Every structure is written in C-alpha cells, then in structure tokens.
Amino acid sequence: MRYDDSPPPPESASSISPDRPWFARRPALAVALAALAPTCLAGWVLTQVLAGPGSDAPQPAAAPLAASSPAAAADAKSSAAASTPPAPQPAAPAKGPLTGRTVVIDPGHNTGNFKHGREIDQQVDIGTNRKECDTTGTTTNSGYMEAEFSLDVSHRARALLEAKGAKVVLTHDGDRPWGPCIDERARIGNQAAADAVVSVHADGASAGNRGFHVILPARVKAGAADTAKIVGPSRDLGERIASNFARATGSSPANYLGSGTGMVVRDDLGGLNLSTRPKVFLECGNMRDEKDAAQLMSPEWRQKAAQGIADGITGFLGG
Ligand code: ZN
C-alpha cells in the first residue's frame, strides 16, 4: 500500500483556523471529532463486511477506529465508546478432541528463497549426508509459487486443527526473509514434542504427471539421524492423510511414482531423517501440470486439501 493512498488527516479537512487561541479551538475540534467518530465507525462496519465469511484468505483484524494522531484517537475513542462495537479479541483456544495435542505444520520452502540463493545453498548436516539448507521450490507455469501455496494450505489446516483444540506450531509463517533450513524445520517439530508433523509441498514434475503423494521416512541411522522410532507411526500418519486427502479433494494418487499407492519412502530428506516425531511430507499435486495447477491455484480446492490434511492428522491422533 502506498502512503499517499491514505485519507488526509482530520485537521487538514476541518475548518479550524490556526490563529485562534487553543480554548477557542476546543469546541471546533470537539465538533470535528464528533463528526469523525461515526465516519470511522461506518468505515469499520464496511471493513468488517468486506472481510466477512466470503473472503478467501484470513484477514487481519480491523482496527475499530482509524485515527491519524494519538490525540485524535484518544478523543474519538472516548466520544464514540458507547456506540463502538467491542474490539475483536483473540479467540480462546477451542476445547475439542485434540485438546492437549501438538501439531507442527511445516510450510515447504519460503517465497523469499529465490532472493537468497547464497544463504539457502549453505550445506547443513542431515545425519546421513550434507545437503542444501533449503530450496526455492517450484512454481506453476503462470508463476504461482509453491512456497505461497504451502503457506496458504498450512494456514487453512492450522485453523481447522485449532478449532478441534490442537496447539498448532508453524515452522515459519512468511515472517523471515528465507528458510528456515531443513535441519531447523526438523528441530522445531522435535522441540515442540509434536504428536504429528506434516510438511506441505507441491511437486514440480513434467506435464502429464498428476496427483498427490505422501513421502514417508525410511529407516536411517547415521549421525543425528535415527528414524527407528518414527518409521511405523509416520506410515500410519501418512496413510491416514493420503486417504483423507483423496476423499476431501477428489484427487488421485500420483500416476508417476509410488506405483499408484500415493506413498513413497525416502532416505534423502533432512526434514524426515532428523525428525524424532511422527512426520510425513505431502506433495499435494504437480504444479507443472496445467490441470493439477488449476486445482492448486483454486482457494476452494486448497480448503479441501487442508481439510484432508486436518482430517488425516485428527484420525491419527484418535480425535
Ligand atoms: Zn517442495
């Protein structure tokens, strides 16, 4: 947003004369503020309507009163207090079947990775190997980034899981310029003592390759990597996510790997090798296939994808 989009401050819009003494200006200021308050309230109501249930993305909470100076804010607040709706409060954690459970959602990549090649190319230790800190991820042919997709689906899944009472931790929330590195992504799940971790991705295979697949940790033991305890529960988690994802989205298991099962086991992913908590990756579709891309770019489809993920996790956790 550009600064010059903002409306002019109320003082400049009023007819207050600057050469009148302060006590003579008070009534004029009060009148101006009294006139301002309903205008702000109307703006607030309009903002609420525009940010209502029809909106695709979560909206930031609207300020109940927009004022251009602290003094005006305080004055407008007191004069309009009686008629101003209460400020939106952060919702108390919902009680539900997942109360007491922790889920970590790892939005794959980061939209800033493209601009930080040097940082994300640095090698990190994944136990079995050394590997790049992170990668850029792929895009659709029209430029919709995998990192944008993964963060959006993660937000939607978080909302669904929180509504069931889960504590949900994201490994990042678009709040850093790049990364985190794959070893840190694993560490966040471990340190949260997550009951389940899912890393959200979309694939970048050639056109004609379609469908989703879940990546499960292989049994590895080297350096800091030891997946013996998570191989079994991760498969259970992955199978539940795959079946719920297929039901919720109507998508089919990938036609280009996994022999049509939608399940693949890999030993080369640091995010899995370093995890001590049940964890899977989900490749929701192929961004390079036009038909899959049309789904991945649809907010309605992404909501279904998030529902499938949340339902799979809920089933795994016995909720
Ligand atoms: Zn990816």
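**Helix packing and a zinc site**

Modeller: Helix α7 (residues 231–249) and α10 cross at roughly 145°, and their axes come within 7 Å of each other. This is a predicted model, and the crossing of α7 and α10 is right-handed.

Biologist: What makes the contact of α7 with α10, and which kinds of residues does it hold?

Modeller: Contact requires heavy atoms within 4.5 Å. On the α7 side the residues that meet α10 include Leu 237, Ile 241 and Phe 245, and on the α10 side they include Trp 301, Ile 309 and Phe 316. The residues of this contact divide into ten nonpolar, five polar and five charged, with Gly counted among the polar ones.

Biologist: Which residues of α5 meet α10, and how do they divide by kind?

Modeller: From α5 they include Phe 149, Val 153, Arg 156 and Leu 160, which, with others of that helix, meet residues of α10 including Trp 301, Ala 306, Ile 309 and Ile 313. The residues of this contact divide into eleven nonpolar, three polar and three charged.

Biologist: How do you know that His 109, Glu 146 and His 201 are donors of the zinc ion?

Modeller: A donor must be an N, O or S atom within 2.8 Å of this metal. His 109 (NE2), Glu 146 (OE) and His 201 (ND1) lie 2.0 to 2.1 Å from the zinc ion, so these atoms meet the cut-off. Along the chain the donors follow the spacing H-x36-E-x54-H. His 109 is in the loop between β1 (102–107) and α4 (117–121), whereas Glu 146 is in helix α5, 37 residues apart, and this pair links distant parts of the chain.

Biologist: Why are His 109 and Glu 146 called buried?

Modeller: Buried means under 20% relative accessible area. His 109 is buried because its value is 8%, and Glu 146 is buried because its value is 2%.

Biologist: How many helices and strands are there in the protein, and what share of its residues is buried?

Modeller: The protein has ten helices and ten strands, and buried residues make up 42% of its 319 residues. Among contacts between residues at least 6 apart in sequence, 79% join residues at least 24 apart.

Technical notes: Residues numbered from 1 in each chain as written. Predicted model: local features only at pLDDT ≥ 70, side-chain atom pairs only at ≥ 80, totals over all residues. Heavy atoms only, no water. Helix = DSSP H or I, 4+ residues; strand = E, 2+ residues; numbered from the N terminus. Donors = N, O, S within 2.8 Å, 3.2 Å for Na, K, Ca; no water. Buried < 20%, exposed > 50% of the residue type's maximum accessible area, 1.4 Å probe, protein only. Axes fitted to C-alpha atoms, helices over the stretch in contact; angles between N-to-C directions. Left-handed = near helix turned anticlockwise from the far one by under 90°.
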